[in-house]
Amino acid sequence: MTTLPDRPNTALLVIDVQNGAMTDVHDRDGVIANINTLLEKARSEDVPVVWVQHSDDQLKRDSESWQYVAELVRADAEPLVHKLYGDSFEDTELETLLAERGVGRLVVTGAQTDACIRSTLHGAFVRGYDVTLVADAHTTEDLTAYGAPPPAQVIAHTNLYWQEQRAPGRLGRTTDTAEVTF
């Protein structure tokens with residue numbers, strides 16, 4: 001249903017599952033296991049996988065905290081997008097990579113739910129993509145000290161509101177890893 005003409009393909013996005021971003025997050029091991037399940041499925045079905053890697057003051061480029069977690073391994077043919085902003089499309093080559101692969105639908109996983117995941121969901125949606133958030137394959141840290149709800153509630157709320165996103169010619173939805181179809 002994407003509004004992007006001639007782009008019938010789906011891609012899996014793996015966003016910011018970096019050492020520094022995955023410290024003290026909700027259900028770290030479960031989320032990583034689910035992303036690995038999705039990677040295996042995408043690869044077996046020849047679905048493009050695109051990795052996104054954030055850099056900032058806490059995730060300094062080439063530092064240990066900036067590296068992807070060891071449990072997730074990017075294949076050489078899978079592109080890696082470097083970003084400086086929450087939205088994975090902002091000032092990156094992501095749109096070009098997806099257009100080259102005929103992608104009009106995204107399946108989104110990664111970290112942090114309340115920052116880069118939400119920014120990318122909305123960024124993709126307003127650019128014309130259908131966007132599926134994998135409910136059990138994204139996570140966030142505990143920011144209750146700053147007035148945020150506990151991580152499980154942030155994740156649940158994001159899953160709840162994203163499952164009903166609608167706009168002319170496109171939709172957002174939420175599904176569990178076991179139910180993902182490419």
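Analyst: Two strands are said to pair when DSSP finds at least two bridges between them. Strands (E, at least two residues) and helices (H or I, at least four) are DSSP runs, numbered from the N terminus. The model is predicted: local features need pLDDT of at least 70 and side-chain atom pairs pLDDT 80 or more, while totals for chains, interfaces and linings use all residues. Residues are numbered from 1 along each chain as its sequence is written, and side-chain values use heavy atoms, without hydrogens and water.

User: OK. In what order do the seven strands sit in the sheet?

Analyst: The order is β3-β2-β1-β4-β5-β7-β6, in an open sheet with mixed pairing.

User: Which strands are at the edges?

Analyst: β3 and β6 (166–167), and each of them pairs on one side only.

User: How do β6 and β7 run, parallel or antiparallel?

Analyst: β6 and β7 run antiparallel, joined by two bridges. Within that pairing, Arg166 has Leu171 of β7 as its bridge partner.

User: And β1 with β2, parallel or antiparallel?

Analyst: β1 and β2 are parallel, and four bridges join them. Leu13, for example, has Val50 in β2 as its bridge partner.

User: How many residues of β2 are buried?

Analyst: Six of the six, so β2 is largely enclosed by the rest of the structure. Buried means under 20% relative accessible area, exposed means over 50%, and partly exposed is in between (1.4 Å probe, protein chains only). Both faces of β2 are covered: one side has Val49, Trp51 and Gln53, and the other has Val50, Val52 and His54.

User: Change of topic. How many salt bridges are there?

Analyst: The count is eight. A salt bridge here is a side-chain nitrogen of Lys or Arg within 4 Å of a carboxyl oxygen of Asp or Glu. One of them joins Lys83 to Asp16, with the closest N and O atoms 2.9 Å apart. That pair links distant parts of the chain, 67 residues apart: Lys83 is in strand β3 (residues 80–83), and Asp16 is in the loop between β1 (9–15) and α1 (28–44).

User: Are those two buried or exposed?

Analyst: Lys83 is buried, with 2% relative accessibility. Asp16 is buried as well, at 2%.

User: What else is Asp16 in contact with?

Analyst: Setting aside neighbours within four places in sequence, the contacts of Asp16 are Ala21, Val52, Gln53, His54, Tyr68, Lys83, Ala111 and Cys116. Contact means heavy atoms within 4.5 Å.

User: Give me another salt bridge.

Analyst: Asp29 and Arg28 form one, at 3.1 Å from N to O. Asp29 is exposed, at 56% relative accessibility, whereas Arg28 is partly exposed, at 24%. Both belong to a network of salt bridges that links Arg28, Asp29 and Glu71.

User: What about Glu100, which residue does Glu100 form a salt bridge with?

Analyst: Arg101, with the closest N and O atoms 3.5 Å apart. Glu100 is exposed, its relative accessible area being 57%, and Arg101 is partly exposed at 28%.

User: Now the inside. How many residues are in the largest nonpolar core?

Analyst: The largest nonpolar core has 24 residues, and Leu98, Leu106, Val108, Tyr129 and Val131 touch the most other members. Such a core is a set of buried Ala, Val, Leu, Ile, Met, Phe, Trp, Tyr and Cys residues joined through side-chain atoms within 4.5 Å.

User: Which elements supply at least two residues each?

Analyst: β1, β2 (49–54), α2 (94–100), β4 (103–111), α3 (113–126), β5 (130–139) and α4 (151–162). The largest share, five residues, is from α3.

User: Is there a general reason why nonpolar side chains sit together, buried or otherwise?

Analyst: In soluble globular proteins, nonpolar side chains tend to be buried together.

User: What does Tyr129 touch?

Analyst: Beyond neighbours within four places in sequence, Tyr129 is in contact with Thr2, Leu4, Arg7, Phe89, Glu95, Leu98, Val103, Gly104, Arg105, Leu106, Ala124 and Arg170. A second, separate core has 22 residues, among them Val17, Leu39, Val107 and Ala111.

User: Last one. Which residues of α4 are buried?

Analyst: Pro151, Val154, Ile155, Thr158, Asn159, Tyr161 and Trp162 are the buried residues of α4. They pack against α3, β5 and β7 (170–175).
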